[in-house]
Amino acid sequence: MSGGDAIPEFSKAKSGDGQDVSLTNLSAFASGPGIKSGAEVAAILAVAVVIIGGIELALRVFHVPQYIMPPPSSIVYALFDEFPLIAPHLGYTLVELVSGFAIGAVVGLVMAAVITQFPFAEKIVAPYILILVTTPMLALVPLLILRFGFGYTPRIIAVALAAGPMVMINAATGFRRVDSAKIALARSYGASTLQIFWKIRAPMALPMILVGLMIGAIFGLLTAVGAEMVGGGFGLGNRLTSYSSMIQMPQFFAVVLILSTLGILIYVLFFLIGKKWASWET
């Protein structure tokens, strides 16, 4: 193919104004204003100190029992004091999350590509995807435990089943949002279906794919913790069950704090990926 007949590519453009901000538009988050000065950092920290300090003061002034709500200082102390015991369980949960999410994401992306290229396939799999999306995966965990035991397997399967449909739905939406004029232009230059998919559909759908991966990872984390609470002797979900049964609420909330931090890290990870590789306008 000569240089004049080359398939047009849509290179990364400078991020700027005009992007709608919504929960399904990661590129808008990626191109946000961000923190610009030390004064903004100080204001954010001051608000956090006021909120956390206010909670600490209110709990101590009104003598709220620790078994109802421990003060933040007790939670932080329990986090450092119990972390050597909690750390191995954090590792177990991460293994389940990463393994299940990887399986679910790969299957979801492949399925999204298939139903985009072959619309009839969507009519076949759509009912099953709807069943997976609307069925709480935790309801299947006892059945999976009966079949596969109390090890990693049932939890990884549950995480994959929770993450996969989220990735597939968002990726398929991104693949279909590509401007048909761009595809028609590429076809006029002689591009094959595979070339159109890799050079146009996949790059232009990347923001939605990242949103799907982020949502899938968060759903996977929730499912992994829930599955650990249903059965088995390890994982952060198991720690939550153990601490609540022994009314060790500072330790319980310390685990909750770790889970919240994991969720934030998942968001930050995909935020940074989107900011670096998917900040152009689709």
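Biologist: Which residues line the second largest pocket?

Modeller: The lining consists of Ile52, Ile55, Met69, Pro72, Ile75, Val76, Phe253, Val256 and Leu257. A pocket here is an open set of points on a 1 Å grid over the protein atoms alone, with protein on both sides within 12 Å along at least five of seven lines, and a lining residue has an atom within 4 Å of a point. Note that this is a predicted model, where local features need pLDDT of at least 70 and side-chain atom pairs count only at pLDDT 80 or more, while totals for chains, interfaces and linings use all residues. Residues are numbered from 1 along each chain as its sequence is written, and side-chain values use heavy atoms, with hydrogens and water left out.

Biologist: Which elements give two or more residues to that lining?

Modeller: H2, H3 and H10 do. Helices are DSSP runs of H or I with at least four residues, numbered from the N terminus.

Biologist: What volume does the second largest pocket have?

Modeller: About 240 Å³. The volume is the space filled by probe spheres set on the points, which are joined across faces, edges and corners.

Biologist: How many polar and charged residues are in its lining?

Modeller: The lining has no polar and no charged residues, and nine nonpolar ones. Nonpolar covers Ala, Val, Leu, Ile, Met, Phe, Trp, Tyr, Cys and Pro; charged covers Asp, Glu, Lys and Arg; the others, Gly among them, are polar.

Biologist: Back to H2. What does it span?

Modeller: Helix H2 runs over residues 38-61, 24 residues, and reaches 33 Å from its first C-alpha to its last. That is close to the 34 Å expected at 1.5 Å a residue, the expected span being 1.5 Å times one less than the number of residues.

Biologist: Which residue with a positive phi follows H2?

Modeller: His63, with phi near 50°. His63 is not a glycine, and it sits in the loop between H2 and helix H3 (72-117).

Biologist: Is His63 buried or exposed?

Modeller: Exposed, with a relative accessible area of 66%. The classes are buried under 20%, exposed over 50% and partly exposed in between, using a 1.4 Å probe and protein chains only.

Biologist: And what is phi for Ile247?

Modeller: Near 55°, again positive in a residue other than glycine. Ile247 lies in the loop between helix H9 (236-245) and helix H10 (249-277), and counts as exposed at 54% relative accessibility.

Biologist: New topic. How many salt bridges are there?

Modeller: Three, taking a salt bridge as a side-chain nitrogen of Lys or Arg within 4 Å of a carboxyl oxygen of Asp or Glu.

Biologist: Which side chains meet at 2.6 Å?

Modeller: Those of Glu56 and Arg60, N to O. Both lie in helix H2, four residues apart, about one turn of the helix. Glu56 is buried at 16% relative accessible area, whereas Arg60 is partly exposed at 46%.

Biologist: What about the partner of Glu96?

Modeller: Glu96 meets Arg155 in a salt bridge at 3.0 Å, N to O. This pair links distant parts of the chain, with Glu96 in helix H3 and Arg155 in helix H6 (residues 152-176), 59 residues apart. Both residues are buried.

Biologist: And which residue does Glu122 pair with?

Modeller: Arg176, at 2.4 Å, N to O. Glu122 is in helix H4 (residues 119-134) and Arg176 in helix H6, 54 residues apart, so the pair links distant parts of the chain. Glu122 is partly exposed at 28%, and Arg176 is partly exposed at 39%.

Definitions and conventions. 1 Å grid on protein atoms, 1.4 Å probe; cavity = no way out; pocket = protein on both sides within 12 Å on 5 of 7 lines; lining within 4 Å.
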